[in-house]
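Visitor: I'd like to learn how to read a model like this one. Could you walk me through it, feature by feature?

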Amino acid sequence: MNGGGDDFVLVFLNKEKKKEIHVQHVQLPSSSAWFLIAHPYFREQAYVIVSFRRRLIVFGAHKLLQLNPGICFFRPPSLWASILGFLRLYRHLHSPNSDTVGELLMLRKMVIPALTTISFSSRFPFPKYIPSHSKSAGARPICCSSGDGVLNGLINVSSESELERRGGAQMGMSDGKRCIQSSDGELPAKNSEIWQLFREAQQNILYLDKQRVLAIEELNKAISERNLLLEKIKELELEKQALDRKDQASICWDLLLRIDSMVLTGTISSEEASQMRQLVMDHKVSIVDSFTDNQQKKDAELLAELRQFSYRSKKNGFHIVHVCTEMAPIASFGAVASFVTGLSQALQRKGNLVEVILPKYGSMNLNEVQGLREIEVEYYSYFNGQVHGNRIWTGVVRGIGVTFIQPLYYSSFFNREKAHGYSDDFERFMYFSRASLDYIVKSGKKPDVLHIHNWQTAIIGPLFWDIFVQQGLDGSRILFTCHDIHAQSLVQPEKLALCGLDPASLHRPDRLQDNSNTHLANIMKGGIVYSNKVVIMSSTHSKGRIIHSLSHGLETTLNMHKKKLLVAPCGFDSSAWDPEKDKILPENYSADDMKGKAVCKIALQQKLGLAEKSSFITVGCFLSDMSDVDSENLRAIVQNGTKMGVQFIFMTTGEMTSRHKDLESLQVNIEDENVRIINRHDETLSHLIFGGSDIILCHSLHDPILQVPLKALRYGAAPIAITSNDNNGFRHFPDHGYETTKLAMFINSTFGYMSFSQALDEINNNPSEWNHKVFDAMTKDFSWDAECCDIYHSAYTSIKSL
């Protein structure tokens, strides 16, 4: 054989006839040597394989064994030398001092007949099996392939002496073929010793096989133990994650909400409850260490532990109660939702205690509420001349304690598909506002600040000062946040009596009477007049602009109360939106190292099937169902941009409204391969759009719902308003010296006055100036923890000193 494989000598033992040996020689590819066990003949008969070139390989107990890898054979000069080497090795392993000459001579007489019983072809990886009982007349040839110095062709062996003299080497040639012949003779007396040698080898093989089986069992056991350990690690990691989610604020709120339930059930007085709440507020860290399994404890047991827990430190931080109608992520309907959650978390990180009171909507996402439980007591609130029962539920949302009020008699008020947009919205939210104040008094809470929002809870201002300030809340103050000054809620004055107010005393020009429709009461105006501080949310406008141009009929009222009026910008969640830590991005980046942004752009282009080149200008755009989009201006921007090779990516959020349906035909009408529209919200893709875009088109630079401009600034993408310079009023409006926010000043000094065409021009013709603006934007902090939180904390401080 002339292949590139290995030469093997196969020594077989007939299991039925213990003293009958077969020898077979075969060349196998190196890669197939390990598959010999699959051959049925080998599985039944093979005991030993002696390799010419490799190591000694052994078959035993139908399993493939391998001796010490360090024991190898040099290529022997003959087939016979291979067999002798095998025997010497095994004899040496068993009894190194034993004389093997006699055994070898006897073995020769057993092997020679076998050499002539089988012939095989070099063309096949496995030899053809010829049974031991098959005989043929005359000499029986065996083909022995080898290289230098090894038998080749057929060997003629005329006698035992000749074979012994030649040592199994090359022999004379006859008729162009070398053949081996041997006659059957009687085995010498030492034949039994030879077989003893084979039995010893077999025992060694069985021993090695047993050791292999034990080793495999140990390995399987180790693998099983490893898998169990990995599963345990995963379980522990999940438990740790669950525990991490239940952070310090969550544990504190478990205690505070239990204190509320103790007051409602009469277990403790409102005065002691106030002291207990202060105890929790002042000792948050040590409270977490001491009270970790509160839900398993009964009220009496928990109260005893709280009474034993002493505290001597001074009070720091404020106790703030938001009374509102929205909160992310459990009830997200507008701008209030993300504001309440974002600001509350930021305030608590600075040492304040913040809680939220909400209606229990039927459509609320309660899966986001940790430890939701119903307080097993009814409490009553006044409405329309009677007191009505309510159920109270408590839980923790994003580390913030939340109380849910569920009306019993007016059960349909909040068990509806939508949160608002009904003809009886005024009655619904007036009921909730009055019920919230009744609950605060009943539970013995004495918050520093009652924080109310929009017209929906603005009625709390008049209710507080006319009714509740004398019911233990004399130390509390009111802060009113206006998120949408356009929605003011005008009602007949008589309806104010539903919650116990006096319409005659309130329907006056300096109180709730509307400035334009004097026969109506303006609920938002009441919130402004009866609050200690008023904060209007705006990321781009100054205080003067809001009073003089954006007051929607409340200019006189705002101007009268301008000393208590503040303007605050929106924020965003920097823990979820940060290109330096964003796990969704293929590569993180920062203002100091922008290489990752190019990687993000290529990944975005690849995902959306756009031309992949980091030098292309990529523009993203997010449109919510509340975005007031100038479709014609947007179409013009896209048409002009695509002519310059700009890539556009649009993503819609929420349900598509009629004005957004124009986007569906935008790509078709433009028929440009550089435009992609995604008619669904994809959180993962939205991160990639921010990371891979150079510009983010915004329907407004004041976006309290999605906070798109703020996220764009953080991700190194310039926020550019869709509205043109001519139609964007805020760009050229003088501020009259009134204060404005840091965010508004930065936006107006960088991208606020810039149209889309001007942005493209600066990118292409003045890249250094553009990059400087981007760098400056990325290094500033416009999150909830920054300017927004500072303004509110300052407002809380000022009204507590009143």
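Guide: Let's begin with a term: helices (H or I, at least four residues) and strands (E, at least two) are DSSP runs, numbered from the N terminus. By that count, L255 sits in helix 6 (residues 248–264). Two ground rules come with this: residues are numbered from 1 along each chain as its sequence is written. This is a predicted model, where local features need pLDDT of at least 70, side-chain atom pairs count only at pLDDT 80 or more, and totals for chains, interfaces and linings use all residues, while side-chain values use heavy atoms, with hydrogens and water left out.

Visitor: How many helices and strands are there in the chain?

Guide: The chain has 26 helices and 21 strands.

Visitor: Is L255 buried or exposed?

Guide: Buried means under 20% relative accessible area, exposed over 50%, and partly exposed in between (1.4 Å probe, protein chains only). L255 has a relative accessible area of 0%, so L255 is buried. Across the chain, 53% of the 802 residues count as buried.

Visitor: What does a nonpolar core look like here?

Guide: In soluble globular proteins, nonpolar side chains tend to be buried together. A nonpolar core is a set of buried Ala, Val, Leu, Ile, Met, Phe, Trp, Tyr and Cys residues joined through side-chain atoms within 4.5 Å. In this model the largest one has 154 residues, and L496, F648, L697, F756 and Y792 have the most contacts inside it. Helix 11 (residues 425–442) gives the most to this core, nine residues. There is also a second, separate core of 20 residues, which includes M276, V280, F291 and L306.

Visitor: Which residues does L697 touch?

Guide: Contact means heavy atoms within 4.5 Å. Setting aside residues up to four places away in sequence, L697 touches a list that includes V619, F622, F648, I720 and F756. For the chain, 72% of the contacts with a separation of 6 or more are between residues 24 or more positions apart.

Visitor: What about a loop residue?

Guide: Take S539, in the loop between strand 15 (533–537) and helix 16 (543–549). With a relative accessible area of 2%, S539 is buried. Among the residues S539 touches, beyond four places in sequence, are L743, A744 and I747.

Visitor: Which loop holds A497?

Guide: A497 is in the loop between strand 13 (490–491) and helix 14 (503–506). A497 is partly exposed, at 35% relative accessible area. Leaving out neighbours within four places in sequence, A497 contacts Y382 and P503. The C-alpha atoms of A497 and F383 are 8.7 Å apart, although 114 residues separate them along the chain.

Visitor: How many disulfides are there?

Guide: A disulfide is a covalent bond between the sulfur atoms of two cysteines. The rule used is a pair of cysteine sulfur atoms within 2.5 Å, and the count is zero. As for individual cysteines, C482 is buried at 2% relative accessible area, and C600 is buried at 0%.
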